[in-house]
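Student: I would like to learn how to read the features of a protein model one at a time, with the general idea stated before the particular case. Could we work through the one below?

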Amino acid sequence: MASLAQRTSTLVQRRTEATRSAAADRDRETATEEDEARRGEEEDDEGGDSKETRLTLMEEVLLLGLKDREVICKSDAPTGDVLLDEALKHIKETQPPETVQSWIELLSGETWNPLKLHYQLRNVRERLAKNLVEKGVLTTEKQNFLLFDMTTHPLTNSIIKQRLIKKVQDSVLEKWVNDPHRMDKRVLALILLAHSSDVLENAFAPLQDDQYDLGMKRVHSLLELEPEKESTKPNSNELMWAVVAAFTK
């Protein structure tokens with residue numbers, strides 16, 4: 001009897017282990033099938049995106065958050081600068097607001113929309129030259145070119161120009177701070193806009209070769225900054241960086 005009971009117990013134990021083993025095999029097969037199905041779905045998704053650039057999650061978040069800045073006039077009080085006041089008048093009276101890039105195109109006349117040509121600031125170079133004449137920096141002369149006379153504005157006060165050149169040179173040499181947010185904002189804007197206008201070379205031309213190379217290297221480090229990123233830093237001038245982005249893109 002004891003032997004029969006022992007054999008019966010052993011048989012039950014074997015059947016139980018066999019049942020457990022079969023169940024485990026079924027679970028593994030199910031998991032394997034699910035993994036294969038999941039991989040198949042992922043491959044299908046990849047195949048669907050193969051014709052487009054695939055983005056990471058953070059890139060998608062950044063892409064969703066990007067927006068162009070609009071210029072809104074916070075104050076229309078006269079500044080004393082005729083050109084600036086004229087620009088502010090256009091900005092104040094325009095609804096809906098335009099972006100910085102759009103205003104640069106409109107005010108400079110670089111727009112293909114004939115209905116918006118009235119935004120262009122007329123004779124900007126001549127008006128700026130007249131301002132410098134009034135301040136004693138330039139003078140006015142007439143030069144004869146065969147069939148017509150042309151008004152020119154030669155430099156009459158070289159000290160002011162040399163002082164300006166020295167300020168630009170010092171900002172990237174002796175007074176270089178290696179941080180755009182610690183630089184004088186007016187000087188920083190001057191350097192970036194002068195470069196965009198192809199006149200920065202005039203300030204660096206008198207330098208020795210080693211100083212010239214160092215100065216231009218530091219200017220390029222400023223040009224390589226990401227305006228969108230810089231505009232979010234503390235104490236930054238958001239509008240200035242928006243203008244930089246428009247000129248350097």
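Student: Is N235 exposed or buried?

Tutor: The general idea is a threshold on relative accessible area, where buried means under 20%, exposed over 50%, and partly exposed in between, with a 1.4 Å probe and protein chains only. At 68% relative accessibility, N235 therefore counts as exposed. N235 sits in the loop between α10 (227-230) and α11, and its phi is positive, about 65°, although N235 is not a glycine.

Student: What kind of model is this, and what should I keep in mind about its numbering and its atoms?

Tutor: The model is predicted, with local features needing pLDDT of at least 70 and side-chain atom pairs counting only at pLDDT 80 or more, while totals for chains, interfaces and linings use all residues. Residues are numbered from 1 along each chain as its sequence is written, and side-chain values use heavy atoms, with hydrogens and water left out.

Student: Which other residue has a positive phi without being a glycine, and where does it lie?

Tutor: N123 has a phi near 50°, a positive value in a residue other than glycine, and N123 lies in the loop between α4 and α5. With a relative accessible area of 59%, N123 is exposed. For a glycine, look just after α4, where G109 takes a positive phi of about 85°.

Student: How many helices and strands does the protein have?

Tutor: Helices (H or I, at least four residues) and strands (E, at least two) are DSSP runs, numbered from the N terminus. By that reading the protein has 11 helices and 2 strands, and along the sequence they follow the pattern α-α-α-α-α-β-β-α-α-α-α-α-α. Of the 249 residues, 22% are buried.

Student: What does Q143 touch, leaving out residues up to four places away in sequence?

Tutor: Contact means heavy atoms within 4.5 Å. On that basis Q143, which is found in strand β1 (residues 141-145), touches F148, D149, M150 and T152 once residues up to four places away are set aside. Q143 counts as partly exposed because its relative accessibility is 34%.

Student: How is a nonpolar core read, and which residues have the most contacts inside the largest one?

Tutor: A nonpolar core is a set of buried Ala, Val, Leu, Ile, Met, Phe, Trp, Tyr and Cys residues joined through side-chain atoms within 4.5 Å. The largest has 21 residues, and those with the most contacts inside it are V172, L188, I191, L200, F204 and L222. At least two residues of this core come from each of α6 (158-172), α7 (185-196), α8 (200-204), α9 (209-223) and α11 (238-248), with α7 giving the most, 5 residues. Apart from this core lies another, of 11 residues, including I91, V100, L106 and Y119.

Student: How should I describe the packing of two helices, for instance α7 and α9?

Tutor: Two packed helices are described by the angle between their axes and the distance between the axes. Axes are lines fitted to C-alpha atoms, for helices over the stretch in contact, and angles run from 0 to 180 degrees between N-to-C directions. Angles under 35 degrees count as roughly parallel, over 145 as roughly antiparallel, 65 to 115 as roughly perpendicular and the rest as oblique. The axes of α7 and α9 come within 11 Å and cross at roughly 95°, which makes α7 roughly perpendicular to α9. Where they meet, L188, I191, L192 and H195 are in α7, and V219, L222 and L223 are in α9.

Student: At what angle do α3 and α5 pack?

Tutor: Helix α3 (residues 82-93) and α5 pack at about 140°, with their axes 10 Å apart, and the two are therefore oblique to each other. In this case V82, L83 and E86 of α3 meet V124, R127 and L128 of α5.

Student: Which residues form the aromatic pair, and how are their rings arranged?

Tutor: Rings of Phe, Tyr and Trp (its six-membered ring) pair if their centres lie within 6.5 Å, and planes under 30 degrees apart count as stacked, over 60 as edge-to-face and the rest as tilted. By this rule there is 1 aromatic pair. The ring centres of W103 and Y119 are 5.3 Å apart and their planes stand at 85°, so the pair is edge-to-face. W103 belongs to helix α4 (residues 100-108) and Y119 to the loop between α4 and α5 (124-134), 16 residues apart. Both W103 and Y119 are buried.
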